[in-house]
Amino acid sequence: MKSLQRFWHRNSPQLFLGELLEKRWMEPIIPFTLTIAVFLVFASTIPNYLKASSLQELMRNFAEQGMVAVAMAFSILSGGLDLSVGAVFAMANFLAIYLYLILGLPLPVMVVLVILFGAAMGAINGGLIAYGKTRPFLTTLVVLIIVRAAYNKVTIAFTNELASIDLGSGVWDFMGSGKILGIPVNMAALIVLAVSTHFFLTRVKPGVHIMAVGSSRKAARHAGVNVKRVLFSAYVISGSIAALAGIFYAARQNSSGTDTGVGWEINALAAVVLGGISLAGGRGTIARAVMGAAIIFMLISGMVRLGISGNLTTAVIGIILLVAVGFNVKWVKNKGKVLQKVYVTPSWVDFEPPPSVERGSGTPFAENDRLKNAEAIALNKIEGPEDIILDRNDNLYTVNRNGSIIRFLAPDYEVREEFARIGGRPLGLAFDKDQNLLVCIAGMGVYGVKPDRTVFKVTDRTTRTRTRLKDDSRLYLADDLDVAPDGKIYFSEASTRYELADWALDGFEGRGNGRLICHDPTTGVTKTVLKNLAFPNGICLSHDGQSVLWASTWLCQINRYWIAGPKAGTSEVLIDNLPGYCDNINRASDGKYWLAFVGLRTPVYDLAMRNPGFRTRMVKQIPPDEWLCPGINFGCVVKFDDNGVVTESLWDPGGQSHPTITSIREHKGYLYIGGLENNRIGRIRLEGADPSWEAHKSYWGGA
Amino acid sequence: MSLLGDIIDRVLFPNREIHGIPVLDGAFSPNQRLDQARRLGGEIERPDDIALGPDGALYVSTGNRILRCAGDDFDTREVFATLDGPVGGLACAPDGGLLACVSGTGLVALSPSGQIGRKLEDVGGEKIACPLSVTIAQDGAIYLTDGSRNNRPEEWLRDMMQNRAPSGRLIICNASLGDAKVVADKLAWPLGVVVSGDGKEVWVAESWSHRLIAFARSGGNKRVIVKNHTGYPGRLALDASGNVWMSFLALRTQLTEFVLRERAFCEEMMRTVPPDLWIGPALDGRLNPREPTQIGRIKKLGIQKPWAPPRSYGLVARLDAKGEAVETWHSRVDGKVHGVTAIRPVGARVIAVSKGRDCLVELPLARGAQEG
């Protein structure tokens with residue numbers, strides 16, 4: 001029963017749900033479902049609805065409405081509104097017939113002229129709105145009224161000509177009634193239009209600028225976007241698309257009636273809102289506009305076919321719209337909250353009681369005062385030295401929480417200089433053979449700094465897990481690294497589900513969310529070596545260069561992964577059930593290893609790790625500052641050997657100067673101590689340690 | 001789901017009290033005035049209550065003993081009496097004798113020389129095993145509180161975490177400890193008791209239900225004065241001008257309230273973990289490396305944030321005639337005077353007992369550099 005529960009918590013469907021909700025394509029889930037639902041309802045109530053000819057007819061009637069909705073979407077995504085789309089559509093319809101069928105202009109010329117007309121109307125809108133700073137609503141309303149009035153005038157003026165038009169050419173008929181692969185031409189055009197405008201808005205610079213301006217005009221301007229020109233272009237595009245719709249409508253109807261395009265702007269607006277595009281601009285996609293339009297179109301045409309009276313149809317559509325829009329608005333607004341509620345999925349972790357850390361308990365972990373008098377280097381000159389390293393000239397390098405690598409110059413470490421600024425949150429450090437400083441950066445990947453201070457990228461992605469919904473190819477939280485004798489860089493990615501700031505949530509999950517990754521600089525290939533590790537943190541090459549030691553923070557384990565020898569490619573637990581949460585591991589001068597405990601295990605937290613439900617409810621019910629977390633206000637340093645035997649520990653009782661210890665580095669008889677949240681680097685002299693030993697020599701030899 | 005539950009709850013029980021933790025605001029706005037308090041003399045091991053004798057000496061209960069402290073700063077100390085169990089609340093009788101609450105025994109009267117006299121060990125046939133506080137009215141009547149029928153005073157944290165139905169009592173007896181009667185039953189750890197300045201009411205502070213209530217001495221129902229405090233109210237005392245002073249053991253935290261709701265987890269925690277490592281309030285502000293940590297308590301750049309979730313806290317308040325706080329003294333999370341179990345006006349001075357930090361302190365009364 002227990003193992004079943006454990007299995008359930010490890011592979012909870014909630015994981016899948018959480019990662020599904022995280023996907024951006026989940027945002028239009030409501031309009032999408034509604035589209036399908038409406039379609040199925042009519043398919044089951046209207047006879048022959050699913051027949052190919054019936055579907056083709058539906059598509060043919062729908063295409064232009066879809067295009068007008070796309071036109072409307074452009075203006076709304078830019079943060080405005082274009083009410084003139086219906087009128088421009090109608091006028092374009094008239095112009096197409098007039099220019100082509102009455103004046104007899106060649107088809108391509110007519111198409112260009114009509115689209116130019118739409119663009120000109122858009123230019124009037126856009127010019128007034130962008131450069132004249134008028135209100136989109138009033139401006140486009142005025143253009144709507146003027147164009148509509150002009151349309152009514154010209155249709156009356158040309159009544160006779162319109163009544164006696166000749167039929168057009170084959171191409172014209174094909175546009176109106178042809179099919180491509182069984183799909184009506186105008187529908188195919190809509191599909192092409194939707195795909196290309198989607199591509200434009202998400203991948204092409206001017207399109208992305210429209211979205212940026214719609215999201216935040218101010219931010220876009222600060223980012224160097226020419227806001228006025230972008231707004232202008234959005235209306236020009238909107239007008240052109242409306243004109244294009246008019247051409248297809250003309251080809252299909254070959255007539256221009258007084259009610260052509262009446263109320264289409266309202267339908268388009270409703271479609272866009274129903275599709276979930278924010279009226280505030282910047283949020284939404286073309287697909288949503290088309291879905292919204294499809295819903296409205298299917299409702300109207302379906303009810304007409306069911307023989308429901310016009311007034312009732314309007315009322316029903318109004319009510320459905322109201323409910324759907326209300327629901328959709330709530331969904332878009334609260335999706336983040338839902339995600340927050342379901343994302344954290346704690347697993348079941350059983351702990352044995354750890355060895356005692358009580359002073360005088362006789363274990364190697366017993367509390368002592370050996371770090372109490374640690375000398376403080378760089379006091380208040382550094383913010384969060386997660387890792388530290390010393391070079392061949394005894395200079396001290398460390399990471400700062402603002403994303404830079406700081407160097408303190410030997411011998412007294414009083415001079416502070418910014419060695420390199422990379423960004424992100426730099427964590428683990430290592431030197432390679434050529435004395436390049438390699439650094440793991442949370443949120444970015446692995447980077448390097450050459451001795452001449454130039455920064456280069458080592459890697460920021462690895463192989464993607466095919467069976468997983470979440471794209472885990474980008475490095476989320478690279479934590480610590482080390483370099484093998486053959487130059488391969490082994491590094492840990494602590495979690496693929498949480499960022500560094502949310503480390504506690506990963507701890508609540510206690511699941512194998514992390515990875516051990518290897519990058520080969522000679523081939524440039526990065527690949528995942530081990531998956532599903534519970535917060536792999538410190539990485540250290542063993543003294544013999546045959547294996548990589550890695551620490552699992554949440555499981556309080558040291559593991560060994562063989563990279564050479566008979567067991568190459570396998571991993572084994574070296575030390576289990578440590579009394580503290582493991583962080584970085586580094587070599588010691590006597591052939592052993594130093595290990596930093598970032599915090600100590602507490603009986604209550606161990607108990608909580610056996611209670612996934614408790615942790616879930618805690619995350620949901622109380623604010624983050626109040627969450628129970630691992631006791632990382634107290635760290636210590638321990639030493640272990642290749643057989644997994646812990647031999648000694650060094651303590652700062654009460655965590656006075658070193659509350660959280662994340663890193664230790666031995667160098668020429670001294671031990672240097674760093675902490676993720678500390679304001680200093682500590683240093684103590686090691687009694688009896690080899691005063692000439694330095695890590696670089698231990699790794700790469702040389703005098 | 002929880003939201004739905006809340007809504008249904010509101011509809012079905014519209015008058016149910018919402019018992020969230022109030023923020024420290026108004027008169028309770030945080031300051032550092034309790035940290036600025038002057039320490040009186042050296043350390044006293046876990047003092048619990050104090051009482052001023054007619055001779056000007058201060059009697060302090062600590063462990064099984066009562067100390068008599070004389071001198072301007074009460075730093076000349078000698079053992080006054082040793083009893084059979086831990087001593088809690090104290091009160092001085094007009095005749096110079098002392099009344100002491102002794103865990104497991106009840107109320108014990110001591111002569112001015114420290115000899116054990118009469119005892120009040122039961123009322124209505126039930127033992128008084130958890131006597132918490134005692135106070136004497138102007139007319140000589142003695143009010144005694146019994147915290148719980150399940151646990152003794154030193155097991156206060158267990159009693160709180162067990163979250164059982166309240167079983168504390170308010171008991172009255174005459175000056176010779178006779179004629180004992182239960183005035184009120186089913187109180188949630190009534191740690192504070194005092195007769196109001198006008199002598200008409202008995203005020204009782206219930207720690208576990210975070211409220212201050214009053215009973216008319218002439219009889220009648222209880223009256224709730226303050227229904228929801230941010231902290232766990234401790235002992236009460238009256239000063240010469242009729243104001244009531246109130247101490248707080250600790251502040252409530254969201255985590256503790258959450259664990260109290262999580263019964264299965266809480267029971268398992270009590271069964272398997274030593275009490276000083278439980279989630280819950282503590283008197284002691286010193287850190288134990290294996291105690292539960294909360295995110296907000298993680299030191300940043302070597303600094304413990306004073307607004308972190310408080311495992312222990314120092315807080316005392318002066319109340320007005322209506323029972324509302326008018327002035328408060330705080331020792332915040334990074335402070336040094338935590339776990340105040342008693343506060344007593346002594347002449348013109350006010351002395352607080354910091355059980356958590358083993359000392360007596362004198363409050364700074366002048367308003368001055370208190371805002372910090």
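# Exercises on a two-chain model

A:N400 has 19 other C-beta atoms within 10 Å and is therefore partly exposed. Burial is assigned by counting other C-beta atoms, placed from the backbone, within 10 Å of a residue's own: 20 or more is buried, 12 or fewer is exposed, and anything in between is partly exposed.

The model is predicted, with local features requiring pLDDT of at least 70 and side-chain atom pairs pLDDT 80 or more, whereas totals for chains, interfaces and linings use all residues. Residues are numbered from 1 along each chain as its sequence is written, chains are lettered from A and ligands numbered from 1 in the order in which they are written.

## Exercise 1

Place A:N400 in chain A and list what it touches.

Solution. 
1. A:N400 sits in the loop between β5 and β6 of chain A. Helices (H or I, at least four residues) and strands (E, at least two) are DSSP runs, numbered from the N terminus.
2. Leaving out residues up to four places away in sequence, A:N400 touches A:I382, A:E383, A:G384 and A:I406. Contact requires C-beta atoms, placed from the backbone, to lie within 7 Å.
3. A:N586 is 186 residues from A:N400 along the chain, and their C-alpha atoms are separated by 20 Å.

## Exercise 2

Describe the sheet that contains β5 and β6 of chain A.

Solution. 
1. The sheet is open and has 4 strands in the order β4-β5-β6-β7, with antiparallel pairing. Two strands pair if DSSP finds at least two bridges between them.
2. β4 (388–390) and β7 (416–421) are the edge strands, each pairing on one side only.
3. Ignoring direction, neighbouring strands are turned by 25° against each other on average. Axes are lines fitted to C-alpha atoms, for helices over the stretch in contact, and angles run from 0 to 180 degrees between N-to-C directions.
4. Strands β5 (residues 396–399) and β6 (residues 404–408) are antiparallel and joined by 4 bridges. A:T398 has A:I406 in β6(A) as its bridge partner.

## Exercise 3

State how chain A is divided, and how far apart the centres of its domains are.

Solution. 
1. Domain 1 covers 56–307, and domain 2 covers 375–465 + 472–700. These bounds come from an automatic or database domain assignment.
2. Taken over C-alpha atoms, the two centres are 58 Å apart.

## Exercise 4

Solution. 
1. Two packed helices are described by the angle between their axes and the distance between the axes.
2. A:A194, A:T197, A:H198 and A:L201 of α10(A) meet A:I286, A:A287 and A:V290 of α15(A). The residues of this contact are 5 nonpolar, 2 polar and no charged. Here Ala, Val, Leu, Ile, Met, Phe, Trp, Tyr, Cys and Pro count as nonpolar, Asp, Glu, Lys and Arg as charged, and the others, Gly among them, as polar.

## Exercise 5

Which elements of chain A give two or more residues to the side that touches chain B?

Solution. 
1. The contact involves 30 residues of chain A and 29 residues of chain B.
2. On the chain A side, the elements giving two or more residues are α18 (603–609), α19 (612–621) and β22 (628–629). The largest share, 4 residues, comes from α18(A).
3. This side divides into 18 nonpolar, 8 polar and 4 charged residues.
4. β22(A) runs antiparallel to strand β22 (residues 293–294) of chain B, and 2 bridges join them. Opposite A:C629 stands B:T293.

## Exercise 6

Explain why the buried residues of α3 in chain B count as being on the same side.

Solution. 
1. In α3 (residues 254–261), B:L255, B:T256, B:F258 and B:V259 are buried.
2. They lie on the same side of α3(B) because they cover an arc of only 160° around the axis. The arc is that of the directions from the helix axis to the C-beta atoms.
3. Their cover includes α19 and β22 of chain A, together with α4 (263–272) and β22 of chain B.

Definitions and conventions: Contact = placed C-beta atoms within 7 Å.
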